[in-house]
Amino acid sequence: MENTRTRVRIITMLAAAILVCAGFAYQNYRMAAQYKEALEVSYLRAMEDLTTYTENISTTLTKSIYTGTPAQLNALTAKLWKESAAAKTALSQIPSSRFNLENTYKFLAQVGEYAVSLAKKAENGQEITEEERQNLLTLSEYAENLEQSLLNAQYEVRSGRMTIGAAETMASNMGAEAAPDLAEDLAEFEEGFTAYPTLIYDGPFSDHLLQKEPEWLKGAEEVTLAQAREKAAAAFNVDSGMMRNESDEEGQMPSFTFSFDNRTAAITKQGGFLSYLTDPRQPDHTSLSPEEAVAKAENYLNWLKIPDMAMTYYEIADHILTANFAYQQGDVRCYPDLIKISVAMDDGGILSFDARGFLTNHKERELPSPAITPEKAQQSVSGALTVDSSQLALIPSDGDMERLCYEFHCQAEDGQQLLVYVNAETGAEEQILILSIDENGTLVI
C-alpha cells in the first residue's frame, strides 16, 4: 500500500513539474511572439515613413523641374533637403543586412544636395540647363520606382506573405521557416541604377568626390578578415564570434561588412577603419538631454581614437539625436572631413556612424595663412546682417577643391540666423547657408 502511495506522489509531482515546464515554455513562446510582433510593427512603421518621404520627394522633384523663379526653387529645395534627410533616417531603421543598399542611400543623399546646388546656381543668376532639368526628371522617376517597391513590400507584409527580416532569427529558433527579407524588394530597386545620371555638383555626395581615392587610406596596410571581424565586434561591444561576414564592398573604399542581430558594420580593407555602422533599433522614449547624447557621441569618437573633431550641429527626430562633427586643424574647421553619429536618447547607444566623408577627405594639410583680415572679409557680408561671431573654415567646392574662408555667424533683423563664408584670400563671398533652429536642433539649408 505504501509503495502504491509513493508511486502516486511521484507521478503527481512529475505531472506538476511537466505542467510548470509547459507553462514556462508557453510563457517564453508568448514573449517571443510578442517581441517578434513588436519588431514587425516598428519596422513596418519605418517602411511606411520611408514610403511617405519618397512620395514627397518625387512630387517635389517634379515641381522643381517647372519652377521659374529662384525664390520658388529655394522653397522646394528646403523641402527636398528635409524629406531626403528623413528618408535616410527611416532607411537606416529597416533591416537590410543581407543586401548592399549603397545605391539607395546614395540616391537619397544626392536628391537634396543636387537640388541645393541648382538653387545656389539660380540665385547667382545662372540658368538651369536642359541637362540639369532632365537630371531632376530622372531623379523623380527613381523616387517613383522606390516608392512602388516599398508599396509592394508593404502589401506582402500586411497580407502575411512576408515578415520583415529582423524577426528571422527568432522565428528560426521557434522552429518556423525563415521568411524572406524585406531587402529583397529593395534589391530590385538597387539593381535598377543602370541609367542613373552622373551628378557633378558642389556637395559631399557628388560623383566626382565619391569616385576619388580616399585620402586617409593611402598607403595604409591591408587587414585580414579576422582582424576586421575583431574591429567590427568591438564597434558593437560584442564577441567577435557573433559577427557574420556578409559580403565585401568594392569601389574606391573596399571594405569587409559584418552583421550581428540586424546591425551592420563596414571595416575598410586598407587600414582597418570603421567606415560605417547601423543599428535599426527604434527608441520609444527620451531619457537623455541633448548635451548628454552629444557627450555619448564624443566619447565614441574618443574610443575610436579620432581626435580633434568639433561638433557643428545636431538634429533630433524620433528619440534619436544625429550629430555632425568636422575635423579641427588648429583654428581652422575643416568641413570636408565629416563624421555623422546617431545616438539613441533612451540609453545612449550608438545607432549609426558614418565616417566615409572623413576617410575620403581627411589628410594633414598645409593650410595657407589668410591674405586678408577678418575685418576686411566682413566688408563682403551684407549690411542687412549682424555678425555675431567668426572663425576660419575650410569648405569644399567644385572640382574637388577646398577654399579657406572666414565663417561668419550672422543674424537678420527678423531673427533668422545664417552662415556666410567669405574667401580668406580674395574677399569674395563664397557661400550662404540658412540655419533652421528649433527645440529639435539645427538644420543647415
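Isoleucine 339 is in contact (heavy atoms within 4.5 Å) with Leu301, Ile306, Met309, Ala323, Asn324, Phe325, Phe353, Asp354, Ala355 and Phe358, leaving aside its neighbours within four places in sequence. Apart from it lies another core, of 27 residues, with Leu73, Leu80, Ala90 and Ala143 among them. A nonpolar core here is a set of buried Ala, Val, Leu, Ile, Met, Phe, Trp, Tyr and Cys residues joined through side-chain atoms within 4.5 Å. The largest nonpolar core has 54 residues, and those with the most contacts inside it are Leu277, Ile339, Ile341 and Phe353.

The model is predicted: local features need pLDDT of at least 70, side-chain atom pairs count only at pLDDT 80 or more, and totals for chains, interfaces and linings use all residues. Residues are numbered from 1 along each chain as its sequence is written, and side-chain values use heavy atoms, with hydrogens and water left out.

Turning to the chain as a whole, 11 helices and 13 strands make up its secondary structure (DSSP runs numbered from the N terminus: H or I of at least four residues for helices, E of at least two for strands). Of its 445 residues, 47% count as buried, that is, under 20% relative accessible area with a 1.4 Å probe, protein chains only; exposed means over 50%, and partly exposed lies in between. Among contacts with a separation of 6 or more, 59% come from residues 24 or more positions apart.

Helix α4 (residues 130-158) holds glutamate 132. Glutamate 132 counts as buried because its relative accessibility is 15%. Beyond its neighbours within four places in sequence, glutamate 132 is in contact with Tyr114, Leu118, Lys121 and Glu127.
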